[in-house]
Amino acid sequence: MFGSHKVKLEGELLDKVKQCAEACGYASVDEFVVHALEKEVNKVLPPSEGGSTSKEIVKKRLQGLGYIE
Amino acid sequence: MLSSCRSAPADSRTDPRLIILGIDGMDPQLLHRFMREGKMRNFAKLEAQGDFRQLTTSIPPQSPVAWSNLITGMNAGGHAIFDFIHRDPKTLGLYFSASRVEGPKHAIRLGSWAIPLGGGSAEQLRKGVAFWQLLDEHAVPNTIFRIPSNFPPVAAKGKTLSGMGTPDLRGTYGTFSFYTDDPAAAAGAVEGGQIIPVHVENSRVTANLIGPDNSFRKGSPVAVEPFSVAVDPLESVAKVTVQGQEFVLREGEWSDWIRVEFQLVPFFANVKGMCRFYFKQAHPRFQLYVSPINIDPADPALPISTPSGYSRFLTDEAGEFHTQGIAEDTKAVSDGLLDDDEYLRQARTVLAEHRRIFDAEFPRFNRGVFFFYFSSLDLNSHMFWRLMDPKHPEYDATLAAQNGSAIEDFYEQMDQVLGEVLPRLDDRTTLLVLSDHGFAPYYRSFNLNTWLLDNGYINLKNDTSRNSSEPFANVNWTQTRAYGVGLNGLYINLRGRESNGIVEAGTAADSLMAEIRAKLLAVQDLKAKQPVITRVDLAGEAYQGSYAREGPDLIVGYNRGYRAGWQTILGAFPTDEIEDNTNPWSGDHCMDYTLVPGVLLSNRKIAAEAPALTDIAPTILAEFGIPKAKGMIGQSVFQPGSATH
């Protein structure tokens with residue numbers, strides 16, 4: 001559960017991932033893969049399992065509207 | 001310097017002209033009362049000359065929804081703005097409905113620096129065509145000042161400035177800073193800002209202004225700029241130094257706008273903003289308030305006007321002004337950091353800025369449409385209802401003696417503005433004075449999510465942690481059938497829509513909605529001995545358009561005096577279902593829409609029996625012979641017959 005985990009990419013998928021990472025300006029294939037996975041995790045996981053930090057940021061942004069405590 | 005901002009040359013003297021004063025929150029009951037009392041002579045004159053009707057507001061009667069009804073001629077089913085707060089059905093993440101501001105998505109990292117590829121962006125989420133875009137298509141000149149739900153401003157040929165929905169430089173809807181050496185003031189975040197502890201050493205304070213997140217640096221820490229304050233050891237006066245600018249403030253004095261530049265990458269990237277300082281107290285404790293850092297209209301970091309130079313033009317013509325969408329800092333009052341007098345001075349400055357711009361722009365108007373928006377009645381009715389209503393839990397006779405006429409004073413200022421317009425009216429000029437909704441007291445809160453929890457519609461994984469302020473903390477979504485988001489929205493946890501939805505669409509969802517609706521309408525406030533909720537609308541009945549199914553399934557309409565509780569709006573579960581509202585924010589309108597209509601006045605007779613906000617865009621277009629666009633559900637208020645709303 002803790003620590004890092006390696007995923008093996010090879011063949012055509014690896015080539016495409018490299019192309020995407022380069023085209024989008026990522027510093028490395030690892031950075032691109034991590035970012036892509038982060039986006040998918042945020043889409044799939046329900047809020048109780050998402051990050052509370054980002055929810056606090058959203059709440060902070062909205063409080064300035066006046067209607068919210 | 002900005003030729004397109006100069007007034008157009010006079011054209012045919014028979015061209016129709018339309019002036020619209022959009023006065024957020026002007027209430028028909030209060031307006032009638034002040035007119036009867038002889039305080040609104042220009043409004044009385046306008047009614048005598050033309051007409052005065054109630055204007056049916058939106059479902060629900062919230063400003064982003066209501067102004068979007070006006071802008072597009074459609075209801076929320078067409079423009080997709082259903083509430084101040086929306087949720088993503090897949091993640092149940094919450095966001096402001098009208099716009100989204102994002103930092104750059106990709107970056108290259110160099111040591112501690114992350115160099116973004118491309119800039120951040122702002123996206124307007126309202127759908128549909130704005131009436132001024134249709135005017136553009138027909139070459140009708142127009143000026144649209146600070147209309148809500150138009151950030152970033154849609155592409156337009158006319159002059160527009162964004163209003164409600166425009167963030168501060170931090171991307172929030174207003175975050176102030178409060179610097180103090182008072183150990184009793186808890187450091188950290190308060191509702192609308194943050195308290196920053198400082199030390200007074202040798203009569204000097206050094207601290208940082210808090211800017212936007214610096215996405216150029218790894219981890220995106222906030223950008224800061226240092227400033228210092230030299231406090232006179234004996235007198236209540238201080239000298240503030242910010243980036244080479246020096247100014248002196250006496251205790252109880254506001255500064256002018258101070259421009260600040262946040263360095264993101266030295267010599268390479270920076271962002272400009274501006275703020276105002278308020279020196280609240282010199283001794284015995286140092287207290288300094290700094291307003292949210294507003295986008296600088298002279299050099300905006302995000303798009304706030306069309307053409308892009310229009311905001312700078314306005315600055316040149318009428319001086320600096322608040323660009324933040326909701327400029328009045330009501331949160332600083334709710335947090336107890338500004339008192340009523342201090343807040344009132346800030347609120348009056350906001351209106352003075354708007355009136356300066358009005359005085360600069362209105363004389364230039366000679367063709368087409370001139371729309372001008374005023375926020376003051378709305379924000380100050382929110383804040384000062386408690387001082388004109390002895391029944392309010394926060395009524396204070398002493399404070400009422402000092403500022404009990406604040407709302408009335410702002411109404412009188414609107415009458416003065418109208419007094420500048422009336423002499424310009426002639427046979428070819430139509431005037432509309434309108435508001436998006438009216439106003440009512442906010443005595444008691446109803447905690448919708450607590451009620452849903454208590455009635456078994458929401459299930460928690462662990463009942464002991466229901467007091468978390470985190471949105472929907474600990475909710476067991478696999479056993480939750482309905483939940484509340486925003487000020488009036490109630491959603492069914494629908495299978496196939498929500499990621500852990502459990503209620504089947506169709507008969508099961510329909511019967512659940514009918515059950516919840518009946519139960520909500522039966523909720524009684526035992527203290528006040530009256531129903532809390534007087535109306536619950538089904539989305540399927542209330543909305544038409546492509547997005548009708550994307551908002552709440554039920555829209556909860558609270559009785560006069562009630563509103564959704566402060567914490568329930570973002571998915572928290574306070575202990576009590578109903579409780580007193582003890583916040584200075586004491587008036588509201590997010591209720592049963594039939595209880596808080598707006599106003600519509602004109603120098604012409606209004607033919608529509610029951611005019612509505614959705615009639616205004618068709619009315620504007622009809623004045624210039626332009627047919628209404630597809631999806632618009634209203635009709636001109638000057639045509640006989642009543643439209644379906």
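Guide: The account below begins with strand 33 of chain B and then turns to other elements of the chain.

The model is predicted: local features are given only at pLDDT of at least 70 and side-chain atom pairs count only at pLDDT 80 or more, whereas totals for chains, interfaces and linings use all residues. Residues are numbered from 1 along each chain as its sequence is written, while chains are lettered from A and ligands numbered from 1 in the order in which they are written. Helices (DSSP H or I, at least four residues) and strands (DSSP E, at least two residues) are numbered from the N terminus.

Strand 33 of chain B spans residues 554–558, and five of its five residues are buried, so the strand is largely enclosed by the rest of the structure. Here, buried means 20 or more other C-beta atoms within 10 Å of the residue's own, exposed means 12 or fewer, and partly exposed lies in between, with C-beta atoms placed from the backbone. In a regular strand, side chains alternate between the two faces of the sheet. B:Leu554, B:Val556 and B:Tyr558 are buried on one side of strand 33 of chain B, and B:Ile555 and B:Gly557 are buried on the other, so that both faces are covered.

Strand 33 of chain B pairs with strand 29 of chain B (residues 489–492) in the antiparallel sense over two bridges; strands count as paired if DSSP finds at least two bridges between them. Strand 32 of chain B (residues 533–538) also runs antiparallel to strand 33 of chain B, joined by five bridges. B:Leu554 stands opposite B:Leu490 and is also the bridge partner of B:Leu538.

Leaving aside residues up to four places away in sequence, B:Val433 touches B:Leu21, B:Ile23, B:Leu46, B:Leu418 and B:Leu601, contact being defined by C-beta atoms, placed from the backbone, within 7 Å.

Elsewhere in chain B, strand 11 (residues 176–180) and strand 22 (residues 287–290) pair antiparallel over four bridges, with B:Thr180 and B:Gln287 as bridge partners. Both strands belong to an open sheet of six strands with mixed pairing, in the order 12-13-11-22-21-18. Strand 12 (188–190) and strand 18 (253–254) of chain B stand at its edges with a single partner strand each, so one side of each has no neighbour in the sheet. B:Pro284 lies in the loop between strand 21 (277–281) and strand 22 of chain B, and the peptide bond to B:Pro284 from B:His283 is cis, with omega near 0°.

Two backbone details complete the account. B:Arg146, in strand 9 of chain B (residues 142–147), has a positive phi near 55° and counts as buried, with 27 C-beta neighbours inside 10 Å. B:Asn474 has a positive phi of about 70° and counts as partly exposed, with 17 C-beta neighbours inside 10 Å. Most residues other than glycine have a negative phi.

Conventions: Contact = placed C-beta atoms within 7 Å.
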